[in-house]
Amino acid sequence: MTAAPTDDAPDVQFGWTGLRDGYLRCVPVALGVAGYGVVFGVLAREAGLSVAEATLMSATVLAGAAQLIAVELWADPVPVATVVGTVLVVNLRYVLMGAALRPWFRRLSPRQAYASVFFTADENWALTMGELRSGSRQGAFLLGSGLAIWSFWVAATVVGATAGGVVGDPARYGLDFALTAVFLTIAVDLWEGPSTAVPWGTAAVVAVLTEALLPGRWYVLCGALAGALTVVIRRDA
Amino acid sequence: MTRDPLALAPLTVGVVLAMAVATYLTKAGGLWVLGRVDLPDRAERALDALPGAVVVSILAPAVVTADPPTWLAAGVVVIAARRTGRVLVALLFGVGAILLFRGVL
């Protein structure tokens, strides 16, 4: 495709300046992410993962909420379908985030674009969208800011998982409650006012009923899909 | 649990890599597909609602079947999270609260 001068796609560049700017602008955000990464490392270790396994997960998956959910669902033997299925479902929001990048990223080479999106996380995506919408043409900003998130997230996981190995009985320090507390905090963050009440109420009721009726962890997927479906049905009314 | 910190169980590595592939597909999928088809507005809203619904589905059975110290500590976490907006602060309050309530109740 040859881009005519009249093409409305922004003229995006991909270079070191954008990479560096993205990294440096994201460092304060990445510090916050690191605190979270330490918590993930401790909880992963508590769930029975080794330091190497927890670190591998942070390095290759790079999705905080999905990783915490995987650790919550972890058991012996690992419920593979439930873990991978739930991770996929909770990450579907990235589809929308990737779509939002399209107007800028269609000017990048496929290699630049598809390498960059690996480093999409909620925090640096928001930072990048702000940057691009304000008129910046730095296509490497997502990659740079994502590398900041990635490096801090992986390093923090190593620290947390190493520390988590020496904790001993987690209940003595109230750590058995930590994962619940983290999910409650995420829920508070995701709450968007009264319109959230119907999908969340449905999800809660279906999850509790499914958990009572079906073995295993199916209640997570059943509750989540029921909750999301109410949003679709309400739009039809 | 005394596992070798460097242990890499084949099954665990397989699950982690499957998680990585699933996650990458979502991250690259929007860039790939959504310029070609128009996603209905309500499908977009459903995708938007999913993370919250997943988190609530994980929490609901765990909290409903828990004990009074857990319910009280959960309340403390929600209040701390709303007031400060910081995960670590809310987490510290929650862990402190569960230890306190377990000791008292």
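**View 1. Asp38(B) sits out in the open, with a relative accessible area of 76%.** In this predicted model, that value makes Asp38(B) exposed, since the cut-off for exposed is over 50%. You'll find Asp38(B) in the loop between α1 (10-33) and α2 (41-64) of chain B.

**View 2. Arg102(B) and Asp176(A) pair up in a salt bridge, 2.9 Å from N to O.** This one joins two chains, because Arg102(B) lies in helix α4 (residues 87-104) of chain B and Asp176(A) in the loop between α8 (141-164) and α9 (178-190) of chain A. Both ends are partly exposed: Arg102(B) at 32% relative accessible area, Asp176(A) at 37%.

**View 3. Glu72(A) meets Arg217(A) in a salt bridge, at 3.8 Å from N to O.** Glu72(A) belongs to helix α3 (residues 64-73) and Arg217(A) to the loop between α10 (197-213) and α11 (218-236) of chain A, so the pair ties together parts 145 residues apart in sequence. Glu72(A) counts as buried at 19% relative accessibility, while Arg217(A) is partly exposed at 24%.

**View 4. Asp11(A) forms a salt bridge with Arg107(A), with the closest N and O atoms 3.6 Å apart.** Here again distant parts of the chain are linked: Asp11(A) comes from the segment before α1 (16-46) of chain A, and Arg107(A) from the loop between α5 (93-105) and α6 (110-118), 96 residues apart. Asp11(A) is partly exposed at 48%, and so is Arg107(A) at 26%. Over all chains, the whole structure has six salt bridges.

Key:
Residues numbered from 1 in each chain as written. Chains lettered and ligands numbered in written order. Predicted model: local features only at pLDDT ≥ 70, side-chain atom pairs only at ≥ 80, totals over all residues. Heavy atoms only, no water. Helix = DSSP H or I, 4+ residues; strand = E, 2+ residues; numbered from the N terminus. Buried < 20%, exposed > 50% of the residue type's maximum accessible area, 1.4 Å probe, protein only. Salt bridge = Lys/Arg side-chain N within 4 Å of Asp/Glu carboxyl O.
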